[in-house]
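These are my notebook entries on a structure I went through today.

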Amino acid sequence: MADFSTDAARALAGPVWLSDRRAYAAAEFASMPPPDATDEEWRYSAIQEFDLSEFALLSDVRGAEATPSGMGDNVLGDAGAVIRTANGRISSIEVDDELAAAGVYVGPLAASGQGSAQLGAVSADATDYFTVLNDAFAVEPLLIHVPAGVVLRKPIVVTHHLSGNRGAAFPRLVVHVGADAQAEVLDYHTSAQGSLLACPVTELDVASAGRLSYLNVQQLGTETWQFSSHLARAERDASLTASTAAFGGGYARTRSDVRLVGRGANCDLLALYFGDGNQGLDFRTYQDHVAPDTTSNLLYKGVVSDAARSIYTGLIRVRPEARGTNAFQTNRNLKLGDKAWVESVPNLEIENNDVRCSHASAVGPVDTEQQFYLESRGVRSSEAERLIVAGFLEEVLESLPVAAVRETLRHQIDAKLSQHVEHVEHVELDELVENTELGGG
Amino acid sequence: MSTLVIEGLRARVGGQDILKGVDLSMASGEVHAVMGPNGSGKSTLAYVLAGHPNFEVLGGSVRLDDLELLDLPAWERAQAGLFLAMQYPTEVPGVALRDLLRVSVSTSNDASEIEAAMRQEAKRIGFGEKFLERSLNVDLSGGEMKRNETLQLGVLRPRFAIIDEIDSGLDFDALRMVSARVEAATKEHNMGALVITHYSRVFEQLKPDTVHVFYGGRIQQTGGADLAQELEDTGYRRWSNENG
């Protein structure tokens, strides 16, 4: 069924440079061994259950919804530009006149004059099996370019939706923020139910003193496989927020790499996630301090219930030249129920002595004292748990960029919690019935 | 008119017996003081009454009118009309007082009524309205925490409140305001107050009808308000000798 060959890559529409690039990547891909669960970076993952040959490149946009369900109308209303894609192809682009007049580009990368220079500028140093696959099969890469000195007040919103059984899509987004420019980008991914494969790659490139706030929301269907990469580079004095809110997917892996290549660059890495049912949510982060006096601050907070699994592994690397680095890494997890499973592995690799680094991770159930505090004010147990879990995630939520989407995210958290509470109450009821039967016998 | 009757209450925590047969009986509108030295188990009594799951009840009963509280989880005890104002209230990040009170009061109450009650109570005890939005007890001073507890008491209007060491961490003005508010609740809605303390200064505003001396896991002596003064003068040595 699958045809991820060099010929298939070359056959995709686009300018010659893009076809050549795709063919080159496809050839490279063909020579790469597939990832294996025995590789350290794939440890704990579900990769051994994944079979690429079950999927075929989606080519049809008919029937694909242009706007993902669940996103509040206020998000689009508040946006300076909106690009929608369906099954990897652009279905609509709207850009405020104000943005266009300022020279901001929001659209297909291949149609912009500078596309060939910007595609891969960040990812070239961070390739893996799935980014190379994306290089080969990204049907319509997107570019957001904010020229030097331009400050955007309204967020740019990109939505991706996938549908169609056994289909695969390779969304590609390049965000380039020029020197001393400022932008906020929401990248929102959804998919229909049914077996699907999403391999998005996002490149975030922030020039000197530029400021970029990026939020990726993942609300995929629960049978979708996701292998997502957010790859970022920050130049001198640049400021970047790279954030993720993950709720969907069957097995959804998100790799977030940030390279601080210019002196004084800083980055906040934020994530909140909530897995339930049989979901697996897998996060791999890399804070790479290349230049001196750089700062990175990571806070990932997640919740798993039912038989869901979450994995966090992260590495802080401080290169020999990166004196004066400040690098922090915190991962906290709440485990609701005995069947949920969490792995959290923070790592440091420090090659300079003049640094301040710390890492922390925690995995545990809802705190008994917090639960008792709320219950002692008359809050029923299930409701107390709900408040505590939502409050736990709120710390990240209220720090996320694109404030207009926070209400949407709160609703998604609430929906997950409602399911959990209903599930728990059913179990309690079943136990009660069982006990009653036993008692009666 | 309600009664709270504790009989033969025994409990342990961490394998150690702390409550060794507590008997205490009180009625609506009354203020009872439980006085004892540090480590005598006073706070354990508060937690066991409120239903903390880490304490193992070994025997006895606690009845609010006809209802046996020991059979109920903490939240049902609270809904039955019991309130615990904690000595060290727990931090609950991301949950504001407003979020809590909206679900702790019976759902038939509408949000605007609760909102009005919160604002009114905040004003009565000199508690800034900004605290209604802040995470519960996170980055609050000792005095702010006690005001926070007192505000909840004012909004929830319990039938009986256990007030655990309300005087710790409070400056004089704050103590006066908070204890006056508790005293007012005993008059305005006939709340019974079980005031746990080891200092008598809280009694300047909150006058006890009955004083119990708590030592060695049980009540050793019960008397009137003058017993508090006697304790202030002589301390707990007498009972320590009897138990030693």
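How many aromatic pairs does the count come to over all chains? I noted first that the model is predicted, that local features need pLDDT of at least 70 and side-chain atom pairs pLDDT 80 or more, while totals for chains, interfaces and linings use all residues. Residues are numbered from 1 along each chain as its sequence is written, chains are lettered from A and ligands numbered from 1 in the order in which they are written, and side-chain values use heavy atoms, with hydrogens and water left out.

**Aromatic pairs**

I found that the count comes to 22 aromatic pairs over all chains, where rings of Phe, Tyr and Trp (its six-membered ring) pair if their centres lie within 6.5 Å, and planes under 30 degrees apart count as stacked, over 60 as edge-to-face and the rest as tilted. One of these that I looked up is the tilted pair of A:Phe29 and A:Tyr129, with 4.7 Å from centre to centre and 45 degrees between the planes. This pair links distant parts of the chain, since A:Phe29 belongs to helix H2 (residues 16-31) of chain A and A:Tyr129 to helix H6 (residues 129-137) of chain A, 100 residues apart; helices (H or I, at least four residues) and strands (E, at least two) are DSSP runs, numbered from the N terminus. A:Phe29 and A:Tyr129 are both buried, a term for under 20% relative accessible area, with exposed over 50% and partly exposed in between (1.4 Å probe, protein chains only).

I then turned to A:Phe227 and A:Tyr251, which form a tilted aromatic pair at 5.8 Å centre to centre, with 55 degrees between the planes. This pair also links distant parts of the chain, with A:Phe227 in strand S13 (residues 224-234) of chain A and A:Tyr251 in strand S15 (residues 251-260) of chain A, 24 residues apart. I noted A:Phe227 and A:Tyr251 as buried, and found that one aromatic cluster includes A:Phe29, A:Tyr129, A:Phe227 and A:Tyr251, with A:Trp42 and A:Trp225 also among its members.

**Charges over rings**

I saw that A:Lys301 lies over the face of A:Phe392, at 4.3 Å from the ring centre, the rule being that NZ of Lys or CZ of Arg is within 6 Å of the ring centre and within 35 degrees of the ring normal. The charged end of A:Arg309 sits over the ring of A:Trp341, at 4.1 Å from its centre.

**Positive phi in chain B**

Most residues other than glycine have a negative phi. I therefore wrote down B:Asp65, which is not a glycine but has a positive phi of about 50 degrees, and which is partly exposed with a relative accessible area of 27%. B:Asp65 is placed in the loop between strand S4 (56-64) and strand S5 (67-68) of chain B. B:Glu165, likewise not a glycine, has a positive phi of about 50 degrees and lies in the loop between strand S9 (160-164) and helix H6 (172-188) of chain B, but B:Glu165 is buried, with a relative accessible area of 3%.

**A:Val95**

Is A:Val95 buried, partly exposed or exposed? I have A:Val95 as partly exposed, because its relative accessibility is 28%, and its place is in strand S3 (residues 89-95) of chain A. Leaving aside neighbours within four places in sequence, A:Val95 is in contact (heavy atoms within 4.5 Å) with A:Gly80, A:Ala81, A:Ala100 and A:Val106.
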